[in-house]
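Colleague: I am new to this structure. Could you take me through it one question at a time?
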Amino acid sequence: MKRAIIYIYLTLQAVLQGVACTSAIIGADMNPYGRPLLWKNRDTSAFDNKIEYVEGKNGEFSFVGLYNAKDSLLQEVWMGMNDHGFAVMNTASYNIKDDDVPQKEMDKEGLVMSRALRVCRTVDDFANLLDTLPRPMGVEANFGAIDAYGNGAYFETNNHSFTRFNIEDAPNHVLVRTNYSHSGRDNEGFGFIREANAETLLEPYIAEKNVSPEVLTEVLSRSFFHSLLGKDFSRNEGRWVVDQDFIPRYTSTATVVVEGCPPLSPEETLNPEYLKEQYIMWTGLGYPPCAEIYPVWCSPEGVDPVLEGDPSTGRSPQCDTVLERKAEVFPFTKGNGNKYIDMNRLFNEEGTGYVEQLVPKNLATYQRVRKEREGRD
């Protein structure tokens, strides 16, 4: 009996740690282009992800979002932005649930965010939505949100209440969250080391007020720095590295940054046509160290077809390509094989690793798209 209980406990911990994420909100004054950022390095057991555009109906807003490939009805969005400048994402939390609501009535975060993208213009609108949802809400999460007025906040939310952390109150106007809530029970949850990894990696960019989307997707989501051990395992640590407490993990399925507009003044009215051109959701599907970055806009033609779900399978062709690369990075398929990274597939002396090949390509994409946007301003 004891052995069975221990097995169940360890299995549960593995599942919980697999449903995770690393995220950040960056204030506009920390970005060299004066735009707030919302970032999520997604971790989930649903490896096949896609991006879809949802047309607003009956007075609701249109939006683009990150979905599981199997979500054919597009019911649960895991990060997204709408045509009124509101963007939202979440990380799972494991230290703020304070009731006995059964698990079958939980995990409604994707439904909440889908609703938010349909009706919210601002971060305050999202707070009002959370205030008015029926209880229990069926969530235990850190929701992150930004809007066109430069506001940003995390909402550490359980079934009955939430605690709000505004970006304007944060040191350096940067907030990072993983899989525990700062307002929750001490020493419970997951992602403490990943949070420290992200904060350490961001420090030099914050000092220069130079936190760009490429820092988040090309540095943090491809970094194998371990803050507790004080090492970067991408170099000179041997071919095989244990996959433990890095920002990108075996369960990482996307890196996504919403880059907002230069903050509007409180008196300015939201103009969806302007916001559609200004907002970009920089998207890397699949295992982030092996992913290309694509710009996504909130319009019917704003999603590259390779990111959308194939009508017959639901899967994104681009995500399929990246998952094939991931299989080379994690070549062992027996036992605990998926815990071991073949680092030579990502970095090597010849400079042919996936990270080494893709980062220059992605930086060129950022430069090209940003120049095109500036030409329209």
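Colleague: Over how many bridges do strand E1 and E10 pair?
Modeller: This is a predicted model, and the answer is read from it. Strand E10 (174-177) is an edge strand, pairing on one side only. Its pairing with strand E1 (residues 20-26) is antiparallel, and Ile26 stands opposite Val174 in E10. The number of bridges between E1 and E10 is 4.

Colleague: What is the strand order of the open sheet of 6 strands?
Modeller: The pairing in this sheet is antiparallel. Its edge strands are E10 and strand E16 (294-296), and the twist averages 15° from one strand to the next. The order is E10-E1-E2-E14-E15-E16.

Colleague: Which strands of that sheet does helix H8 touch?
Modeller: Helix H8 covers residues 354-376 and packs on the sheet. The direction of H8 makes about 160° with that of E15. The strands touched by H8 are strand E14 (252-259), strand E15 (280-285) and E16.

Colleague: Which residues are linked with Glu259 in a network of salt bridges?
Modeller: Side chains of opposite charge can pair when their charged atoms come close. The salt bridges of this model come to 20, and the one between Glu259 and Arg373 is part of a network. The residues linked with Glu259 are Glu214, Arg370 and Arg373.

Colleague: What are the edge strands of the open sheet of 7 strands?
Modeller: This sheet has the order E3-E4-E5-E6-E7-E8-E9, with antiparallel pairing. An edge strand pairs on one side only. The edge strands are strand E3 (49-54) and strand E9 (162-166).

Colleague: How many of the residues of E3 are buried?
Modeller: In a regular strand the side chains alternate between the two faces of the sheet. Asn49, Ile51 and Tyr53 point one way from E3, while Lys50, Glu52 and Val54 point the other way, and all are buried. E3 is therefore largely enclosed by the rest of the structure, the buried count being 6 of the 6 residues.

Colleague: Which residue in E4 stands opposite Tyr53?
Modeller: E3 and E4 run antiparallel, joined by 6 bridges. The residue in question is in contact with Tyr53 and also with Met81 and Met281, among others. The residue opposite Tyr53 is Val64.

Colleague: Which element gives the most to the largest nonpolar core?
Modeller: This core has 32 residues, and Val64 is one of those that touch the most other members. The elements giving two or more residues include E3, strand E4 (63-68) and E5. With 3 residues, the element that gives the most is E14.

Technical notes: Residues are numbered from 1 along each chain as its sequence is written. This is a predicted model: local features need pLDDT of at least 70, side-chain atom pairs count only at pLDDT 80 or more; totals for chains, interfaces and linings use all residues. Side-chain values use heavy atoms; hydrogens and water are left out. Two strands pair if DSSP finds at least two bridges between them. Axes are lines fitted to C-alpha atoms, for helices over the stretch in contact, and angles run from 0 to 180 degrees between N-to-C directions. Contact means heavy atoms within 4.5 Å. A nonpolar core is a set of buried Ala, Val, Leu, Ile, Met, Phe, Trp, Tyr and Cys residues joined through side-chain atoms within 4.5 Å. Buried means under 20% relative accessible area, exposed over 50%, partly exposed in between (1.4 Å probe, protein chains only). A salt bridge is a side-chain nitrogen of Lys or Arg within 4 Å of a carboxyl oxygen of Asp or Glu. Lists of a residue's contacts leave out its neighbours within four places in sequence.
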